[in-house]
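I opened the model to look up a few positions. My notes follow.

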Amino acid sequence: RWKLSTQHARLMQETLQVAAALRSDEKAQKKLLRQYGADVFTRGVRLAAARKGEMPTRDMLALAANWTPPLFPVKGEDLLKRGFKQGPE
């Protein structure tokens with residue numbers, strides 16, 4: 001019986017999820033990049049290319065290497081300064 005560490009099992013699961021969800025739409029690709037990170041996204045692209053062979057993998061790999069998700073401009077600290085109460089709400 002083959003056993004994987006929790007970390008490796010999660011990596012494989014996420015890679016399979018990316019490969020299954022890949023679309024040629026750049027907006028969808030950026031969403032996957034934000035959700036899973038560049039490493040898992042790259043693995044998913046390579047897996048999808050190996051399975052299907054028709055994806056524009058060079059463009060997707062270049063996107064993973066060169067695109068950085070924008071940072072959200074508001075922090076919790078900013079809200080506290082504006083009088084919001086601390087907490088999950």
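I count a contact when heavy atoms lie within 4.5 Å. The model is predicted, so I kept the limits in view: local features need pLDDT of at least 70, side-chain atom pairs count only at pLDDT 80 or more, and totals for chains, interfaces and linings use all residues. Residues are numbered from 1 along each chain as its sequence is written, and side-chain values use heavy atoms, with hydrogens and water left out.

**Entry: Val40**

I started with Val40, which is found in helix 3. Helices here are DSSP runs (H or I, at least four residues), numbered from the N terminus. Which residues does Val40 touch, not counting those up to four places away in sequence? I found Leu11, Glu14, Thr15 and Val18. I then checked Glu14 by C-alpha atoms: Val40 and Glu14 are 26 residues apart along the chain and separated by 6.8 Å. Is Val40 buried or exposed? Val40 is buried, because its relative accessible area is 7%. The cut-offs are under 20% for buried, over 50% for exposed, and partly exposed in between (1.4 Å probe, protein chains only).

**Entry: Gln29**

Next I looked up Gln29 in helix 2 (residues 26–36). Gln29 has a relative accessible area of 5%, so I logged Gln29 as buried. Not counting residues up to four places away in sequence, Gln29 touches Arg23, Ser24, Phe41, Met60 and Leu63.

**Entry: helix 3 against helix 4**

Two packed helices are described by the angle between their axes and the distance between the axes. I read off an angle of about 175° for helix 3 (residues 38–52) and helix 4, with their axes 9 Å apart. That angle makes helix 3 roughly antiparallel to helix 4; the term applies over 145 degrees. Axes are lines fitted to C-alpha atoms over the stretch in contact, and angles run from 0 to 180 degrees between N-to-C directions. From helix 3, I listed Ala38, Phe41, Thr42, Val45, Arg46 and Ala49. They meet Thr57, Met60, Leu61 and Ala64 in helix 4.

**Entry: Lys52**

Lys52 is also found in helix 3. I noted Lys52 as partly exposed because its relative accessibility is 40%. Lys52 and Lys3 are 49 residues apart in sequence and 28 Å apart in space, C-alpha to C-alpha.

**Entry: Phe72**

Last, I went to Phe72, in the loop between helix 4 (57–66) and helix 5 (76–81). Phe72 counts as exposed because its relative accessibility is 68%.

Definitions and conventions
Helices (H or I, at least four residues) and strands (E, at least two) are DSSP runs, numbered from the N terminus. Angles under 35 degrees count as roughly parallel, over 145 as roughly antiparallel, 65 to 115 as roughly perpendicular and the rest as oblique.
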